[in-house]
Amino acid sequence: MYNVKSLKAEEFINHEEILETLEYADKNKNNYELIDQLLKKAEPKKTDRGVECSGLTHREASVLLACDDPEITEKIYALARKIKEAFYGDRIVMFAPLYLSNYCVNQCVYCPYHLKNKEIPRKKLTQEEIKQEVIALQDMGHKRLAIECGEDPVNNPIEYVLDSVKTIYSIKHKNGAIRRVNVNIAATTVENYRKLKEAEIGTYILFQETYHKESYEKLHPAGPKHDYAYHTEAMDRAMEGGIDDVGLGVLFGLEMYRYEFAGILMHAEHLEAVHGVGPHTISIPRVKRASDIDPSVFDNGIDDDTFAKIIACIRIAVPYTGMIISTRENESCREKVMGLGISQISGGSRTSVGGYAGYSPYERPHDTEQFDVSDQRTLDEVVYWLMKSGYIPSFCTACYRAGRTGDRFMSLCKIGQIQNCCHPNALMTLQEYLTDYASPETKRLGEELIAKEIMNVPNEKTRKIAMENLNQIKNGNKRDFRF
Ligand code: SAM
């Protein structure tokens with residue numbers, strides 16, 4: 001039976017509830033009166049606490065996703081843009097993945113790291129190699145990483161991950177620093193989540209891959225990841241271990257997208273109901289070609305229009321949850337979906353183990369790659385492109401370092417302090433990037449943008465301090481200012 005507060009996977013991600021949701025959505029997809037009500041309900045509203053949004057339930061949002069009237073789709077896009085504008089403005093947070101090891105004992109049929117893939121060379125970075133990777137990433141200008149690792153208790157035990165996090169944080173090369181390490185590793189125990197929390201990780205990311213239990217078991221035929229309940233209940237254990245920023249995700253292409261959409265929203269509702277805080281981020285990867293992996297064997301692939309609509313509907317349903325797209329998507333797709341609700345993107349990414357150090361920005365090793373990267377531009381090119389397209393690339397990591405995680409981060413969103421906090425932080429970290437790493441053209445464009453945008457900080461005192469800090473970054477070696 002469906003129970004949002006249950007701690008049992010099959011009860012909070014309840015198959016019958018999803019089927020009924022899809023039926024309800026089909027029945028109401030042309031119910032214009034209801035759709036109108038939902039669009040109104042989800043509008044950002046001014047309250048005495050600032051701007052607030054109510055979001056939508058999985059059932060309500062599923063109706064919007066099911067409706068295929070192009071006029072309604074335009075309304076959905078317009079509302080998603082409005083919500084994004086209210087909470088995220090034009091800021092896009094930048095990050096890069098760092099692959100530590102591709103040893104894996106699982107047999108995920110879509111992943112090239114699967115145990116039986118004999119084509120892929122196996123590699124695990126030593127702490128010295130991690131140091132070199134981090135220096136290369138710092139030299140590009142990155143401040144925020146997501147570490148990635150296959151599941152292998154012998155080769156990649158939790159101690160290895162913890163040592164790696166420590167190594168990453170310890171490296172201070174020139175003006176560089178990695179200030180937030182997000183971790184994408186397999187589901188683990190409360191005790192291990194506690195250790196990750198103590199190591200001061202940022203978000204714990206774990207993709208569900210698919211919420212459909214039967215498909216999940218077929219797609220993960222063996223290995224520890226085969227256990228659907230253990231995997232699905234991982235975020236509850238992470239929260240019990242003290243991690244309050246968790247990142248959900250679905251690998252689109254494996255199952256019916258409408259099933260996954262309802263599932264991921266039910267997961268978000270569950271976390272909110274049980275722990276008082278929803279997911280910090282949602283990722284929306286699509287299956288890509290890779291060693292021993294042909295994406296065309298999965299018959300649930302989605303086109304770019306459907307992808308955009310899913311993003312817009314997620315934005316409307318969970319307005320306070322960040323949304324991430326990776327370099328799995330190409331430039332034109334990224335351009336199309338950015339305004340609909342994306343708040344974080346990766347840039348200059350390598351998905352191979354040891355793909356950064358020793359390579360020029362235009363060279364990329366393919367041997368140990370996890371998937372084919374579609375957006376192959378350098379970080380500088382991505383930063384330039386974002387600014388040209390009207391966005392503010394941000395290297396900010398302030399919230400979690402100031403303890404604004406979990407519900408404290410959400411309340412910052414709700415009281416509308418974002419313009420006085422996130423906005424100047426984005427500009428100051430962008431200035432760091434421009435001063436220390438950017439090409440002359442990117443620097444020129446960025447400094448023009450900062451001069452204009454700093455005027456949009458509403459609080460006069462904050463604006464003045466931010467301007468002083470910007471000058472110190474430009475003219476000296478002081479870094480890491482934040483509100
Ligand atoms: N081993 C960890 C786990 O099982 O969750 C996390 C690391 S894995 C490298 C990160 C994610 O990459 C997976 O959760 C999966 O969604 C995604 N992935 C795997 N194969 C992929 C493919 N062929 N195309 C796109 N994404 C893929």
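How many residues surround the ligand, and which are the closest? In this predicted model, the ligand is surrounded by 17 residues. The closest are Tyr110, Cys149, Glu209, Lys225 and Lys288. By class, the shell holds 8 nonpolar residues. A further 6 are charged, and 3 are polar.

On the backbone side, an N or O atom of Tyr110 lies 2.9 Å from a nitrogen atom of the ligand. A polar backbone atom of Cys149 is likewise placed 2.9 Å from a ligand nitrogen. Gln370 contributes through its side chain. There, an N or O atom is 3.0 Å from an oxygen atom of the ligand. The protein covers 97% of the accessible area that the ligand has on its own, which is 570 Å². The ligand takes up the space of the largest cavity.

Helix α15 spans residues 379-388. Of its 10 residues, 7 are buried, so the helix is largely enclosed by the rest of the structure. The buried set consists of Leu379, Asp380, Val382, Val383, Trp385, Leu386 and Met387. After α15 comes Gly390. Its phi is positive, near 95°.

Helix α16 covers residues 398-401 and includes Tyr400. Tyr400 has a relative accessible area of 14%. Because this value is under the 20% cut-off, Tyr400 counts as buried. Its C-alpha atom is 15 Å from that of Val277. Along the chain, Tyr400 and Val277 are 123 residues apart.

Most residues other than glycine have a negative phi. Lys174 has a positive phi, near 50°. It sits in the loop that runs between α7 (158-170) and β5 (180-184). Lys174 is exposed, because its relative accessible area of 70% is over the 50% cut-off. Glu200 is not a glycine either, yet its phi is positive at about 65°. The loop between α8 (190-198) and β6 (204-205) contains Glu200. With a relative accessible area of 52%, Glu200 is exposed.

Ala222 is located in the loop between α9 (213-219) and α10 (228-232). Is Ala222 buried, exposed or partly exposed? Its relative accessible area is 27%, so Ala222 counts as partly exposed. The value falls between the cut-offs of 20% and 50%. Ala222 and Gln107 are 115 residues apart along the chain.

Glu255 belongs to the loop between β7 (246-249) and α12 (257-275). This residue is buried, with a relative accessible area of 13%. Its assignment follows because buried means under 20%. From the C-alpha atom of Glu255 to that of Gly301 the separation is 8.3 Å. The two residues lie 46 positions apart along the chain.

Asn330 occupies the loop between β9 (322-325) and α14 (331-338). Its relative accessibility is 34%, so Asn330 is classed as partly exposed. Asn330 and Glu191 are 139 residues apart in sequence. Their C-alpha atoms are 39 Å apart in space.

Conventions: Residues are numbered from 1 along each chain as its sequence is written. This is a predicted model: local features need pLDDT of at least 70, side-chain atom pairs count only at pLDDT 80 or more; totals for chains, interfaces and linings use all residues. Side-chain values use heavy atoms; hydrogens and water are left out. A residue is near a molecule or strand if one of its heavy atoms lies within 4 Å of it. A polar contact is a pair of N or O atoms within 3.5 Å; within protein, one must be able to donate a hydrogen and the other to accept it, and residues adjacent in sequence count only if both atoms are side-chain atoms. Accessible areas come from the Shrake-Rupley method with a 1.4 Å probe; for residues, only the protein chains shown count as cover. On a 1 Å grid over the protein atoms alone, a cavity is a set of points where a 1.4 Å probe fits but cannot get out, and a pocket is an open set with protein on both sides within 12 Å along at least five of seven lines; lining residues have an atom within 4 Å of a point. A molecule sits in a cavity or pocket if more than half of its atoms lie within 2 Å of its grid points. Ala, Val, Leu, Ile, Met, Phe, Trp, Tyr, Cys and Pro count as nonpolar, Asp, Glu, Lys and Arg as charged, and the others, Gly among them, as polar. Helices (H or I, at least four residues) and strands (E, at least two) are DSSP runs, numbered from the N terminus. Buried means under 20% relative accessible area, exposed over 50%, partly exposed in between (1.4 Å probe, protein chains only).
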